[in-house]
Structures are given as structure tokens and as C-alpha cells.
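Please look over the chain before reading on, and keep the view open while the report goes through it part by part.

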Amino acid sequence: AAQGVNEKLARLMNINFDLRREMFGDAALGAMNVDMVLTPRSVGAAAKFTGSGGAAVVFCPGGAAQVYEMVAACEAKGFTVCPVVLNPPPGTHPQSP
């Protein structure tokens, strides 16, 4: 069941960016922003903007090996990759009191 959810999330993330790209075009989005999304996709990851561009969120349904491939591909192009931890245990977030 989790695999189906992961695949659906990845598909929806990609659709979200594809619709934005279709609506606004590459010139409006900017070549670097488009590349920031297409680079993770080149290794099978899902990717989309977090907002209007300048940052992307990436989901690697293929697991750790795909994460390593994605990081290497992104860093080779000069992109910085920052892991995101969802729902960290209480008191473990750096900004926790």
C-alpha cells in the first residue's frame, strides 16, 4: 500500500510542475529553475517548485540509492541539497526550545 501512495505522490508532484511549466513557459520560469527540477527527475525522482521558483522539493520513491544519485546529479550542477525531516520527534529540531 505504501508503494502505491509513494507512486501517486511522485506523479502528482511531477504533474504540478508540468502544469506550471505549460502555463508560464520556460522563459518565465527561468532556465536554472527548470534545470533544478529536471535534474532530480533525470534519476527518476519527483520534483517541483516549493513556491514560485528558486527552490525545489524532491521526493525519491526509489529509496536511498536514488537519493545518492539525485544528490550527486544536483551537486554536479552546483545545486545545494538540504534534507527535509518531516515530523521530527519532540525536542530534536534545532529550533526547539
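## Elements and overall layout

Helices (H or I, at least four residues) and strands (E, at least two) are DSSP runs, numbered from the N terminus. This is a predicted model, in which local features need pLDDT of at least 70 and side-chain atom pairs count only at pLDDT 80 or more, while totals for chains, interfaces and linings use all residues. Residues are numbered from 1 along each chain as its sequence is written, and side-chain values use heavy atoms, with hydrogens and water left out.

The protein has 3 helices and 2 strands, and from the N terminus on these elements follow the order α-α-β-β-α. Taken along the principal axes, the C-alpha atoms fill a box of roughly 45 × 35 × 25 Å. Contact means heavy atoms within 4.5 Å, and of the contacts with a separation of 6 or more, 43% are between residues 24 or more positions apart.

## The pair of helices α1 and α2

Helix α1 covers residues 2-29 and helix α2 covers residues 31-41, and their axes come within 10 Å and cross at roughly 150 degrees. Here axes are lines fitted to C-alpha atoms, for helices over the stretch in contact, and angles run from 0 to 180 degrees between N-to-C directions. Angles under 35 degrees count as roughly parallel, over 145 as roughly antiparallel, 65 to 115 as roughly perpendicular and the rest as oblique; α1 and α2 are therefore roughly antiparallel to each other. The contact is made on the α1 side by Met13, Asn14, Phe17, Asp18, Arg21, Asp26 and Leu29, and on the α2 side by Ala31, Asn33, Val34, Val37, Leu38 and Arg41. Sorted by class, the contact of α1 with α2 has 7 nonpolar, 2 polar and 4 charged residues, where Ala, Val, Leu, Ile, Met, Phe, Trp, Tyr, Cys and Pro count as nonpolar, Asp, Glu, Lys and Arg as charged, and the others, Gly among them, as polar.

Within α2, the residues Asn33, Val34, Met36, Val37, Thr39 and Pro40 are buried. What covers the buried residues of α2 includes α1, β1, β2 and α3.

Strand β1 (residues 46-49) and strand β2 (residues 56-59) run antiparallel and are joined by 4 bridges; two strands pair if DSSP finds at least two bridges between them. Ala46 stands opposite Phe59 in β2, and Phe49 stands opposite Ala56 in β2. In a regular strand the side chains alternate between the two faces of the sheet.

The hairpin has 6 residues between its strands, and Gly53 takes a positive phi near 125 degrees. Ala55 lies in the loop between β1 and β2 and counts as partly exposed because its relative accessibility is 30%. Not counting residues up to four places away in sequence, Ala55 touches Met36, Lys48, Phe49 and Thr50. Ala55 and Val37 are 18 residues apart in sequence, and 8.9 Å apart in space from C-alpha to C-alpha.

Is Gln66 buried or exposed? Gln66, which lies in helix α3 (residues 64-76), counts as buried because its relative accessibility is 9%. Leaving aside neighbours within four places in sequence, Gln66 is in contact with Val43, Gly44, Ala45, Cys60 and Pro61.

Glu7 has its place in helix α1 and, at 46% relative accessibility, counts as partly exposed. Between Glu7 and Gly44 there are 37 residues in sequence and 11 Å in space, C-alpha to C-alpha. Cys82 lies in the segment after α3, and at 57% relative accessibility Cys82 counts as exposed. Cys82 and Arg20 are 62 residues apart in sequence and 23 Å apart in space, C-alpha to C-alpha.

How values were computed:
Buried < 20%, exposed > 50% of the residue type's maximum accessible area, 1.4 Å probe, protein only.
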